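Morning, everyone. Please look at the sequence and the structure first. Then I'll walk you through the parts.

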Amino acid sequence: MTGFASGTGALVPFSWTWDLRSVNAKGLDLRLRVPDWIEGLETALRAKLSKALGRGNVTLTLRVQRQETTGDLAVNEYVLASVLSALAVVEHKAKERGLSLAPTSAADILSTRGVLEHASVEDETNALAGALIADFDILLGHFLTMRASEGKALQTVLDRQIGEIETLVSQAETAIKDRQSDMAESLRNSLLRVTQNSDAVDDHRIAQELALIAVKSDVTEEMDRLNAHIDAARALLQDRKPVGRKFDFLMQEFNREANTLCSKSQNSALTRIGLDLKTVIDQMREQVQNVE
């Protein structure tokens, strides 16, 4: 089932953006694009999605940015030691040559490149991961709400299509009754032609042919199964659990019975109803692909 949700969040010095979307699929396919330097994050998010969803091609994208901060100033001990050693050498050489140097102040030393620098801020990935997981719960809630809204609209469409199938099946039952007189008349004419053009008629063979015609034209089982499939479809529509795969199978069964009905119809009105039935079933099967 299709769905979409996006969101943003922040935990100083980090900020992030979410993008969660899904399209129709036979099974559940999760594709996560999240920073790999946040330990345990992808595993936790994948577990939450697997628990909440049963079907769909789902893509989750997370972008995390770290804001530049000034931080506290700190003295680089290594650079300071190098600067002081260099000053001592310079003062010693100047003294050997009788030169007098101006006193070097602490400010002069601190202004030397590399002596004073911003203190590094270690990334608190544990705290960040916790904040992201909590924020994802909100995002997932919005995502599920959207899918539920779409599912409710889809339920209305499927309910209408089941009603159309039920109407056509009822029309088919009426057409089956109406065709009986036509089939009887056609059979009488066929028998008359056979008996008039044959000197010796095998009664046993005639009985066999009649039985074969009766079997080929009998659609009682097909009609019973179509009515049973209608009841099953309505039950699935009210089920709160994921029913997409069951619906897929049921639509195959609907189509099989409609095909058999058309092949056995031997009546233009019944054939037309069978073709209309196949059209509605095909339309419903397309909608079923959106059901989780």
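An α-helix has 3.6 residues a turn, so residues three or four places apart point the same way.

A word on the source. This is a predicted model, with local features needing pLDDT of at least 70, side-chain atom pairs counting only at pLDDT 80 or more, and totals for chains, interfaces and linings using all residues. Residues are numbered from 1 along each chain as its sequence is written, and side-chain values use heavy atoms, without hydrogens and water.

Now the sheet. It is open, has four strands in the order β1-β2-β4-β3, and its pairing is mixed; strands pair if DSSP finds at least two bridges between them. Strands are DSSP E runs of at least two residues, helices H or I runs of at least four, numbered from the N terminus. β1 (3-11) and β3 (28-33) stand at the edges with a single partner strand each, so one side of each has no neighbour in the sheet.

Which way do β2 and β4 run? Antiparallel: 10 bridges join β2 (residues 14-23) to β4 (residues 56-66). Phe14 stands opposite Arg66 in β4.
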